[in-house]
Amino acid sequence: MYLNSHTYYSLRYGTLSPEQLVETAARWGVKVLALTDVNNTSCALEFVNRCQKVGIKPILGVEFREEENFRYFGLAKNREGWRELNELLTNRSFSGKPLPMNAPALPNCWVIYPRLLKPIQEFKDNELLGIRPEHVNRLFSHELKNHQHKLVVLSPITFLDESGFELHRMLRAIDKNTLITKLTPRDTAKKTEYFIPPETLRRFYKLCPTIWHNTQKVIDSCQVEVEVGLQNNRQYFTGSKEGDYVLLEKLAVRGCKRRYGEKNRDALLRMQKELRVIREQDFCAYFLIAWDVVKYAHTMGYHHVGRGSGANSIVAFCLNITDVDPMELGLYFERFINPHRTSPPDFDIDFSWDERDDVTDYIFKRYGREHVALLATYNTFKGRSILRELGKVYGLPKSEIDAMVADPVEAAKANPIARKIITFGRRMQGMPNYLSIHAGGVIISEKSLHYYTAQQLMPKGFPIVHFDMYHAEDWGFHKFDVLSQRGLGHIKDAVELIRLNQGRSVDIHDLEKIKEDFQVKAQLRSGECMGCFYIESPAMRGLLQKLHCDTYTDLVAVSSIIRPGVAKSGMMREYIKRFHEPESFEYLHPVFEEHLGETFGVMVYQEDVMKIVHHFAGLELDESDVLRRIMSGKKYKGDTFERLQKKYFTNCRNRGYSRALAEEVWRQVESFSGYSFCKAHSASYAMESFQSLYLKAYYPLEFMVAVINNFGGFYHTEYYFHEARMAGANIHPPCVNHSNYLTTIYGNDIYIGFIHLHSFERKLAMEIMHQRALGGTFRSLKGFVDRVGISSEQFDILIRIGAFRFVGKNKDELMWEKNAVFDPKADFESSLNLFEEGVEKFELPALEEGPFDQAFDELELLGFPLCSPFDLLLKDEYYECITAASLKKFTGKIVWILGYYVCQKKVHTSNAKLMAFGTWIDRDGHFFDTTHFPNFLKRHPFRGKGIYFIKGKVTEDFGFPSVEVISMERLPYVEDERY
């Protein structure tokens with residue numbers, strides 16, 4: 001009789017998890033339960049599964065609300081009814097129009113109104129009126145007693161008890177962005193909406209048995225029909241399974257010949273084996289859709305990177321979905337698809353950040369909006385943000401909220417409201433707050449998505465389903481990850497800039513040539529990879545130098561061992577040690593030497609876990625992948641784990657291994673699987689890194705401009721300009737005659753874009769470019785004012801940064817001239833005169849700029865000076881300081897060095913003390929690194945950006961020098977004499 005229950009997916013309204021709701025119902029012997037979350041269908045399948053496990057009949061529905069106005073709720077009689085409810089909710093989101101006061105035609109649903117919104121005589125056959133337990137007694141004196149055939153039990157479930165009601169009120173106050181004391185009864189559920197036990201509920205309706213029987217008829221007529229499995233995905237690309245296989249085979253064979261030549265028997269055999277599995281698993285359409293998406297991108301001239309476990313497939317390689325050769329790297333197809341894998345596979349396909357949306361739009365248009373959607377993510381209430389939200393709800397001053405966030409324990413002791421907030425905050429932890437967009441997950445269904453969920457239109461114009469990737473996996477959907485990244489933007493823009501600046505065409509896709517290029521290898525070995533995808537960080541720079549990394553396979557390994565899990569486990573250091581001292585260790589067993597020789601016996605990749613279990617213990621590759629997934633926490637333990645563990649030890653015994661050896665290998669496999677990285681993923685990253693390296697090695701200026709214009713690198717923009725200067729560029733501040741909105745390059749001259757000017761308006765930058773295109777370059781301040789509408793403040797910014805330096809006057813003189821030619825109160829009308837009108841001449845006293853005025857203006861307007869920051873030092877008395885280039889000569893000695901701050905990484909030691917790693921530029925422009933142990937960091941902390949006088953001991957770790965800091969102080973700049 002519970003037709004109207006809510007979980008916490010009734011966002012900022014419900015208080016119960018699906019598990020709590022179903023467990024409570026089971027504990028009280030409830031036989032039928034309907035889920036009707038408010039404008040949401042996120043947990044429909046989870047609710048059904050949980051109910052069926054405990055023997056409860058589930059019913060699916062939706063409660064439709066506009067703001068706080070409860071319109072009605074619908075219960076699905078069957079699959080078509082569920083589709084109708086989802087369509088209604090989707091149309092509301094897509095149209096932006098409010099829900100109708102009266103429900104539209106929903107022939108396969110029951111529609112139940114919480115109150116009379118129209119005369120009961122006008123109710124359709126499937127429309128009913130809900131009567132709350134507390135209202136039953138009113139019927140005897142109401143006209144509704146004559147229409148009992150239209151009445152049903154309405155006992156909403158929103159919370160379990162009074163504290164649940166209080167939590168509900170807090171959620172409503174957060175949603176309404178108001179104080180909890182200002183909530184009105186209309187803003188919240190009624191206090192009676194708790195879970196009433198079945199026998200108690202029945203007693204309420206004892207005198208109106210017709211209502212009870214009507215309700216029984218409703219629940220008897222409703223049947224949940226959810227279809228779960230891979231058949232939910234788009235089934236055909238060509239229109240039939242046979243047609244799909246024929247096309248896939250044709251494309252794969254053609255691609256195999258192109259990739260491997262006509263006579264590579266091994267590649268052909270592997271491809272045929274993969275095709276057989278793909279066909280058996282019904283993944284032909286999945287591969288063809290991925291191929292279709294990539295093909296569209298190529299026709300548009302877009303760059304892409306196919307990565308993830310999909311790069312383990314030779315078919316994907318032959319279809320150009322990935323550029324990773326699984327034969328070259330010994331990658332197992334079973335890591336991607338195998339008969340034992342219950343979760344659907346997914347392709348990760350990266351596009352440039354400014355091209356991804358167009359590719360996504362193509363997918364929607366190609367396969368239809370009713371069948372395509374992005375996945376949602378559940379943005380949840382978390383930690384400190386909960387305390388801040390609830391602090392505002394209770395009207396606490398900001399200072400008290402800050403104190404509560406900083407020290408909840410002390411705040412709870414001192415303030416009863418804080419204590420209440422902290423108590424309820426723990427209950428809110430992890431509850432969904434609102435739906436957001438997954439980074440790139442796209443699903444494509446065979447039937448309309450409305451058979452599974454409603455959709456919500458997001459600000460970008462693409463709809464999301466109401467469930468996340470985990471619920472999607474439960475439904476059986478496999479996703480296509482259409483992702484965006486800045487690294488591809490760097491590559492794409494660099495190629496275009498090279499064409500514009502040098503007139504050269506660069507083939508960035510000749511990967512075999514790039515991987516073997518001597519200059520590229522030298523660039524990689526040097527560790528000087530600033531701007532290069534995935535390998536530019538200080539930690540990576542050190543690792544590349546320590547491992548003398550200069551090959552593609554080396555970089556694949558480095559891309560994996562740099563990850564936090566490997567480093568934290570100690571295996572990164574062990575790997576470096578074994579690289580330098582290959583005689584210092586023994587392989588645990590010949591299988592380790594044979595299959596992990598390239599990584600010195602260290603399990604670096606997820607595939608290594610599979611290799612060892614397969615070759616050492618004889619488990620099948622698909623079983624090995626299942627075991628890896630269980631050990632890494634991606635699959636639940638259970639009978640499968642115990643069966644595979646038993647098989648492992650049985651096989652080891654049959655092969656004559658000692659118990660101690662078998663247990664040690666098992667221990668290593670179990671520990672490594674938790675942090676290991678997918679080798680195909682590393683290989684994809686390494687491929688893109690090599691493309692970046694090629695551009696940096698041969699076209700460093702264009703490459704750095706591309707990095708600057710795409711943003712999103714590891715470092716602040718300033719250091720990319722510095723890198724360009726070190727490569728021979730002349731860096732110029734913004735100029736009205738040479739600069740665009742983004743940074744531009746002419747030969748070796750780089751002009752900073754207007755985008756980097758603090759507080760400068762984008763619209764004005766575009767107008768300057770437009771006027772320049774119409775009438776050519778500007779020749780004077782007067783000519784600029786006549787053609788460009790500008791405010792006084794924006795004009796000042798251009799003068800101060802030196803954007804009119806072509807005029808030949810200093811900034812003070814230009815400020816005087818501005819007053820003569822510019823009237824901020826006059827109505828502007830652009831004029832493009834053939835000859836500029838004269839300007840009245842003024843005799844001015846000599847106005848001289850200070851030697852550092854420009855640098856201080858740049859610091860204010862750009863955030864960094866274009867001269868060397870060392871030129872700004874108040875005193876230049878640090879002759880005893882060494883430089884980065886000479887660090888190795890002083891290994892083990894105390895030195896002094898000047899460093900311009902670049903970045904720092906804070907870490908905690910095993911005993912929870914704070915230490916840090918610093919990165920700096922010396923006065924010659926070269927990078928060096930420092931280590932700050934807890935005691936010294938506490939005495940000599942970082943004090944922001946600037947130049948530091950550093951004293952420390954030079955250490956060398958596998959050939960890579962750094963400075964262990966003993967003391968440091970930030971040095972003062974010269975006085976700013978502008979004001």
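# Close-up views of a predicted model

**View 1. Cys 109 and its closest cysteine.** The sulfur of Cys 109 lies 8.4 Å from the closest cysteine sulfur, that of Cys 222, which is too far for a bond. This is a predicted model. A disulfide is a covalent bond between the sulfur atoms of two cysteines. Here a pair would need its sulfur atoms within 2.5 Å. By that rule the model has zero disulfides. Cys 109 has 0% relative accessibility, so it counts as buried.

**View 2. Cys 678, another cysteine without a disulfide.** Which cysteine sulfur is nearest to that of Cys 678? The sulfur of Cys 318 is, at 18 Å. Cys 678 takes part in no disulfide. Is Cys 678 buried or exposed? Its relative accessible area is 5%, so Cys 678 is buried.

**View 3. The whole protein, for orientation.** Along the principal axes, the C-alpha atoms fill a box of roughly 100 × 90 × 65 Å. Take the contacts between residues at least 6 apart in sequence: 70% of them join residues at least 24 apart.

**View 4. Helix α2 and its packing partners.** Helix α2 covers residues 44–53. Its buried residues are Ala 44, Leu 45, Glu 46, Phe 47, Val 48 and Cys 51. What do the buried residues of α2 pack against? Their partners include two strands, β2 (32–38) and β3 (57–66). Helices α1 (18–27), α3 (79–95) and α17 (469–475) also pack against them. Just after α2 comes Gly 55, with a positive phi of about 80°.

**View 5. Helices α9 and α12 at an oblique angle.** Helix α9 spans residues 284–299, and helix α12 spans residues 356–367. They pack at an angle of about 125°, with axes 10 Å apart. The two helices are therefore oblique to each other. The crossing of α9 with α12 is right-handed. From α9, the contact takes in Ile 289, Asp 292, Val 293, Tyr 296 and Ala 297. From α12, it takes in Asp 358, Val 359, Tyr 362, Ile 363, Arg 366 and Tyr 367. By class, this contact has eight nonpolar residues, three charged residues and no polar ones.

View 6. Helix α18 (residues 486–502) packs on helix α30 (residues 679–698) at an angle of about 30°. Their axes are 10 Å apart. Angles under 35 degrees count as roughly parallel, so α18 is roughly parallel to α30. The crossing of α18 and α30 is left-handed. On the α18 side, Gly 487, Leu 488, Ile 491, Ala 494, Val 495 and Ile 498 make the contact. On the α30 side, Glu 688, Gln 691, Ser 692 and Leu 695 meet them. These contact residues divide into six nonpolar, three polar and one charged.

**View 7. Gly 306 and its contacts across the sequence.** Gly 306 sits in strand β8, residues 304–307. Its relative accessibility is 4%, so Gly 306 counts as buried. Which residues does Gly 306 touch, not counting residues up to four places away in sequence? They are Ala 311, Ile 321, Thr 322, Asp 348, Ile 349 and Ser 684. Gly 306 and Ser 684 are 378 residues apart along the chain, with their C-alpha atoms separated by 6.9 Å.

**View 8. Ser 962 in strand β22.** Strand β22 runs over residues 960–970 and contains Ser 962. At 12% relative accessibility, Ser 962 counts as buried. Leave aside its neighbours within four places in sequence. Ser 962 is then in contact with Asp 929, Thr 931, Lys 953, Val 954 and Thr 955.

**View 9. Asn 654 in helix α28.** Helix α28 covers residues 639–654, and Asn 654 belongs to it. Is Asn 654 buried or exposed? Its relative accessibility is 61%, so Asn 654 counts as exposed. How far apart are the C-alpha atoms of Asn 654 and Ile 576? They are separated by 35 Å, and the two residues are 78 residues apart along the chain.

Key
Residues are numbered from 1 along each chain as its sequence is written. This is a predicted model: local features need pLDDT of at least 70, side-chain atom pairs count only at pLDDT 80 or more; totals for chains, interfaces and linings use all residues. Side-chain values use heavy atoms; hydrogens and water are left out. Axes are lines fitted to C-alpha atoms, for helices over the stretch in contact, and angles run from 0 to 180 degrees between N-to-C directions. Helices (H or I, at least four residues) and strands (E, at least two) are DSSP runs, numbered from the N terminus. Angles under 35 degrees count as roughly parallel, over 145 as roughly antiparallel, 65 to 115 as roughly perpendicular and the rest as oblique. A crossing is left-handed if the near helix is turned anticlockwise from the far one by less than a right angle, and right-handed if clockwise. Contact means heavy atoms within 4.5 Å. Ala, Val, Leu, Ile, Met, Phe, Trp, Tyr, Cys and Pro count as nonpolar, Asp, Glu, Lys and Arg as charged, and the others, Gly among them, as polar. Buried means under 20% relative accessible area, exposed over 50%, partly exposed in between (1.4 Å probe, protein chains only).
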